[in-house]
Structure formats: C-alpha cells, structure tokens
Amino acid sequence: MHWHLLVVKVAEKKIEWYNSMPMARSTKPYAVDMESALKEEMVSRGFLDATEYELVTVEDHPQQKTGYDCGIFMVKYMDLLSRDSCD
C-alpha cells in the first residue's frame, strides 16, 4: 500500500497530486481514479464545474528514501499545506 495526497485548489480549479516516493510514479493511475471519485463527490456537493479541474503532479516537495514511511510524509505535507493556507 502507498499513500497519496490530493489537494483541491478551488480558486485555481486544479487538483494537486503529492506522491512522496519518486519510484512510485507508476501509481499515477490510482491518482487518476481518486481524482475521478473526488470530482464526482464535488459535483454532488454543488461544485458543478468540477469536471474542469486539472490534475497536476507536484514535483517540488520532500521525497522519502525508504519504502515504508509514506504515511508520515503525507501527514507532514497536510500539516505544512494547512499552515500555508491559513496565513
């Protein structure tokens, strides 16, 4: 199992995909599946333009060096992203 993080940027109409394991880029089909499910949920909650959102792979972030600590990276990404958006 591998953890990913999708971040919805409503004002920019994009969904950012964070993946802490560079060699796990082959897991992008899972991100695309998550993007599809997320868009369906967004439409059901009134974001009628959710289909216009673009999936963007975020490349410039810390990467793990092991095969087992992706969960810690995702929690730290969420922590840092939430702090930045609250400033």
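Start with Glu 35: this residue is buried, with a relative accessible area of 11%. Buried here means under 20% relative accessible area, exposed means over 50%, and partly exposed is in between (1.4 Å probe, protein chains only).

Before going on, a word on where the values come from. This is a predicted model, in which local features need pLDDT of at least 70 and side-chain atom pairs count only at pLDDT 80 or more, while totals for chains, interfaces and linings use all residues. Residues are numbered from 1 along each chain as its sequence is written, and side-chain values use heavy atoms, with hydrogens and water left out.

## Charged pairs

Side chains of opposite charge can pair when their charged atoms come close. The term salt bridge is used for a side-chain nitrogen of Lys or Arg within 4 Å of a carboxyl oxygen of Asp or Glu. How many salt bridges does a search of the whole structure find? The search turns up nine.

Glu 35 has a partner in one of them: Lys 39, with the closest N and O atoms 3.0 Å apart. Lys 39 is buried too, at a relative accessible area of 15%. Both Lys 39 and Glu 35 sit in helix H1, four residues apart, or about one turn of the helix. Helices (H or I, at least four residues) and strands (E, at least two) are DSSP runs, numbered from the N terminus.

Arg 83 is exposed, with a relative accessible area of 52%, whereas Asp 79 is partly exposed at 23%.

Then there's Lys 13 with Asp 49. Lys 13 lies in the loop between strand S1 (5–9) and strand S2 (14–18), and Asp 49 in the loop between helix H1 (28–44) and strand S3 (54–57), so this pair ties together parts that are 36 residues apart in sequence. Lys 13 is partly exposed at 31% relative accessibility, and Asp 49 is partly exposed at 24%.

| Salt bridge | Closest N to O |
|---|---|
| Lys 13 and Asp 49 | 2.7 Å |
| Lys 39 and Glu 35 | 3.0 Å |

## Rings

Now for the aromatic side chains. Rings of Phe, Tyr and Trp (its six-membered ring) pair if their centres lie within 6.5 Å; planes under 30 degrees apart count as stacked, over 60 as edge-to-face and the rest as tilted. The structure holds two such pairs.

One is Tyr 18 with Tyr 77, a tilted pair at 5.6 Å centre to centre and 45° between the planes. This pair links distant parts of the chain, with Tyr 18 in strand S2 and Tyr 77 in helix H2, 59 residues apart. Tyr 18 is buried at 8% relative accessibility, and Tyr 77 is buried at 5%.

Tyr 77 also pairs with Phe 73: the ring centres are 6.2 Å apart and the planes are at 75°, so this pair is edge-to-face. Phe 73 and Tyr 77 both lie in helix H2, four residues apart, and Phe 73 is buried, with a relative accessible area of 18%. Together, Tyr 18, Phe 73 and Tyr 77 form one aromatic cluster.
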